[in-house]
Amino acid sequence: MIRNQWYGILESSEVKSGKPLGVTRMGERLVLWRTSGGELVCMIDLCAHRGAALNIGKVCQDTIRCPFHGLEYDTSGRCVLIPANGRAALVPSQFKVASYPLREVGGFIWLWWGEPRDDLPEVPFFRDLLFGFHYNTLRSHWAAHYSRAIENQLDVMHLPFVHYNTIGRGNYTLVDGPMTEWVDNELRVWVQNRIDDGTLPLRPDEVHPTRGPFLHLRMPNVWMNHISDNLRIVVVFAPIDEANTLMYVRFYQRVVRVPILRELFTFAGAKIGDRKILAQDRRVVITQRPLKSSLHMDEKLIQGDRPIIEYRRRRQALQELAQSSDLLGY
Ligand code: FES
Ligand SMILES: [Fe+2]
């Protein structure tokens with residue numbers, strides 16, 4: 001995982017008020033809960049007293065209470081009550097649990113994986129999806145590092161093979177380009193696949209797209225397929241740990257607007273359309289070794305892998321940046 005980034009980790013609806021939720025993300029056991037006022041909190045799921053999991057404890061208004069001996073923690077992770085010592089006793093400052101900054105944007109929960117600071121950047125979500133769209137979500141667990149799952153969504157050569165009987169029908173095996181461009185931390189990809197007519201693929205600089213980019217990746221873990229202005233597929237790749245990823249795949253549409261029909265269409269897009277395609281991808285990606293990709297590794301890449309190379313380069317650059325800012329102390 002790259003430090004000092006916002007990661008989409010869950011959907012907002014998964015954390016209900018009054019009920020703590022225990023999950024593993026970023027390789028850590030975390031507990032998420034909401035105060036009675038609705039404020040969302042995320043902390044390490046480990047009581048400072050003797051290591052019990054807080055997620056099986058209770059939310060008491062603005063604190064979470066450990067199920068074992070009742071220690072209560074506030075939203076910052078500071079322990080405010082040790083019942084056996086009594087309300088009158090002072091709580092020593094070492095009784096605390098680390099907590100993470102969070103945001104809720106677009107129905108996702110975003111966790112700041114790094115040093116908390118006042119000037120956190122904006123959450124890397126696609127703002128245009130916040131207005132007028134309906135969506136339905138499909139969740140899919142992959143036994144793969146999230147970098148492999150992301151690369152699969154940037155892989156423009158696998159369609160006629162992995163999806164030969166679905167979205168890859170037609171034997172469009174030859175890949176022109178693809179053309180890529182970075183805009184801040186967003187990678188944009190244009191691609192044209194065609195039937196092999198005996199000519200060589202066009203080089204990336206020879207591709208002259210007639211419409212906007214198809215694929216958008218916002219570092220570190222959100223991707224969008226821009227099918228049309230009114231139809232999109234978005235994936236948040238929530239890192240569980242080094243070997244597991246939870247994919248939140250959303251089908252967004254603003255084509256059908258009539259209530260009920262609209263819900264049916266959105267549901268069908270996500271649950272029927274995306275499920276089969278995703279299963280085809282997963283079958284192959286979970287076999288890739290090594291589990292985690294990196295810029296310098298023993299793979300033989302070709303022109304069509306350009307978006308993947310771009311992703312690996314940026315990933316490495318952000319990792320180096322995070323390491324140097326850690327060294328500098330911010
Ligand atoms: S382990 Fe949590 S209160 Fe004792
Ligand atoms: Fe695929």
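Predicted model: local features only at pLDDT ≥ 70, side-chain atom pairs only at ≥ 80, totals over all residues.

Biologist: Why is Arg 262 called buried?

Modeller: Its relative accessible area is 18%. The cut-off for buried is under 20%, so Arg 262 counts as buried.

Biologist: And what is Arg 262 in contact with, leaving aside its neighbours within four places in sequence?

Modeller: Arg 262 touches His 134, Gln 253, Val 256 and Arg 257. Each has heavy atoms within 4.5 Å of it.

Biologist: What makes helix H1 largely enclosed by the rest of the structure?

Modeller: Nine of the nine residues of H1, 146–154, are buried, so the helix is largely enclosed. Among them are Arg 148 and Glu 151, along with Ile 150 and Leu 154.

Biologist: On to the domains. Where are their bounds?

Modeller: Domain 1 covers 5–113 and domain 2 covers 127–319. Their centres, taken over C-alpha atoms, are 34 Å apart.

Biologist: How do you know that domain 1 and domain 2 are in contact?

Modeller: Contact needs heavy atoms within 4.5 Å. By that test, 17 residues of domain 1 are in contact with 21 residues of domain 2.

Biologist: What area is buried between domain 1 and domain 2?

Modeller: About 1,400 Å², with carbon and sulfur atoms giving 57% of that. On the domain 1 side, Gln 5, Tyr 7 and Phe 108 supply 32% of the area buried against domain 2, more than any other three residues.

Biologist: Why is the pair Arg 139 and Glu 14 called a salt bridge?

Modeller: The closest N and O atoms of Arg 139 and Glu 14 are 2.6 Å apart. The limit is 4 Å between a side-chain nitrogen of Lys or Arg and a carboxyl oxygen of Asp or Glu, so the pair qualifies. Between domain 1 and domain 2 the count is two salt bridges, and eleven residue pairs are in polar contact there, both residues at pLDDT 80 or more.

Biologist: Which strands each supply at least two residues of the side of domain 1 that touches domain 2?

Modeller: Strands E1 (5–11), E2 (21–25) and E10 (108–113). E1 gives the most, with seven residues.

Biologist: And how do the residues on that side of domain 1 divide?

Modeller: Into eight nonpolar, six polar and three charged.

Conventions:
Residues numbered from 1 in each chain as written. Chains lettered and ligands numbered in written order. Heavy atoms only, no water. Buried < 20%, exposed > 50% of the residue type's maximum accessible area, 1.4 Å probe, protein only. Helix = DSSP H or I, 4+ residues; strand = E, 2+ residues; numbered from the N terminus. Domains from an automatic or database assignment. Buried area = accessible area lost by both parts, 1.4 Å probe. Polar contact = N/O pair within 3.5 Å; in protein donor to acceptor, adjacent residues only side chain to side chain. Nonpolar A, V, L, I, M, F, W, Y, C, P; charged D, E, K, R; others polar.
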